[in-house]
Amino acid sequence: MNRRLFIHAGVAVAGATFLVAAGAQGTVATGQKRHKLVIQVSDNDAAKWNLALNNAKNVQDDVGAANVDITLVAYGPGIGMLKLESPVGARVAEALKANVRVVACENTMRGAKLTKDDMQSGISYVPAGVTEIMKKQGEGWTYLRP
């Protein structure tokens, strides 16, 4: 058990003190732990993208899609795989339908002179991909870079 997940609540009942768990990842209605995964994709490589998308699907299959939030963050050269003519476009669309959040870095888009009209529909946008990953890690999300 991770010691950082506990806060002393100072609750005393019949002489016993209880610890109250307070973690960044909650529980779902079934009592299972709610997982949170952020996946970095910064390579303009269909094989890397397919690996990342496979990882997301496998995690959903393993822990249950209802028990995990997954965000895939694309920046740098990886942004190219989110363009309309992307060779992994169909796979990205499948991931979006499976409730995987796919986000594109607007900093990278500006540098590459890309607009939202150049990108696949259904994706989201963040001002800075690296900052998005950093924030999520600070919130307790698990980080993966395939």
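Helices (H or I, at least four residues) and strands (E, at least two) are DSSP runs, numbered from the N terminus. The exercises below use these elements and concern a predicted model.

**Exercise 1. Determine how many helices and strands the protein has, and in what order its elements run.**

Step 1. The count gives four helices and seven strands.
Step 2. Read from the N terminus on, the order is β-β-β-α-β-α-β-α-β-α-β.
Step 3. Among contacts between residues at least 6 apart in sequence, 65% join residues at least 24 apart.
Step 4. Of the 146 residues, 36% count as buried. The protein exposes about 8,500 Å², and carbon and sulfur atoms supply 54% of that area.

**Exercise 2. Decide whether Thr-71 is buried or exposed, and list its contacts beyond four places in sequence.**

Step 1. Thr-71 has its place in strand E4.
Step 2. Buried means under 20% relative accessible area. Thr-71 has 2% relative accessibility and therefore counts as buried.
Step 3. With neighbours within four places in sequence left aside, Thr-71 is in contact with Leu-37, Val-38, Ile-39, Arg-101, Val-103, Lys-136 and Trp-141.

**Exercise 3. Identify which residues of the largest nonpolar core touch the most other members, and which elements contribute to this core.**

Step 1. The core holds 25 residues, of which Trp-49, Leu-82 and Val-92 touch the most other members.
Step 2. Two or more residues each come from strand E3 (35-41), helix H1 (46-63), E4, H2 and E5.
Step 3. Take Trp-49 as an example. Beyond four places in sequence, Trp-49 is in contact with Val-41, Asp-43, Leu-72, Ala-74, Gly-78, Met-81, Leu-82, Val-88 and Val-92.
Step 4. Another core, of eight residues, lies apart from the largest one; Val-73, Val-103, Cys-105 and Val-126 are among its members.

**Exercise 4. Explain why the buried residues of helix H4 lie on the same side of the helix, and state what covers them.**

Step 1. An α-helix has 3.6 residues a turn, so residues three or four places apart point the same way.
Step 2. In helix H4 (residues 129-138), the buried residues are Gly-129, Glu-132, Ile-133 and Lys-136. Because these residues cover an arc of only 95° around the axis, they are on the same side of H4.
Step 3. Met-134, Lys-135 and Gly-138 are exposed on the other side of H4.
Step 4. The cover over the buried residues of H4 includes E3, E4, E5, E6 and strand E7 (142-144).
Step 5. Just after H4, Gly-140 takes a positive phi of about 95°.

Definitions and conventions. Residues are numbered from 1 along each chain as its sequence is written. This is a predicted model: local features need pLDDT of at least 70, side-chain atom pairs count only at pLDDT 80 or more; totals for chains, interfaces and linings use all residues. Side-chain values use heavy atoms; hydrogens and water are left out. Buried means under 20% relative accessible area, exposed over 50%, partly exposed in between (1.4 Å probe, protein chains only). Contact means heavy atoms within 4.5 Å. A nonpolar core is a set of buried Ala, Val, Leu, Ile, Met, Phe, Trp, Tyr and Cys residues joined through side-chain atoms within 4.5 Å. Accessible areas come from the Shrake-Rupley method with a 1.4 Å probe; for residues, only the protein chains shown count as cover. The arc is that of the directions from the helix axis to the C-beta atoms.
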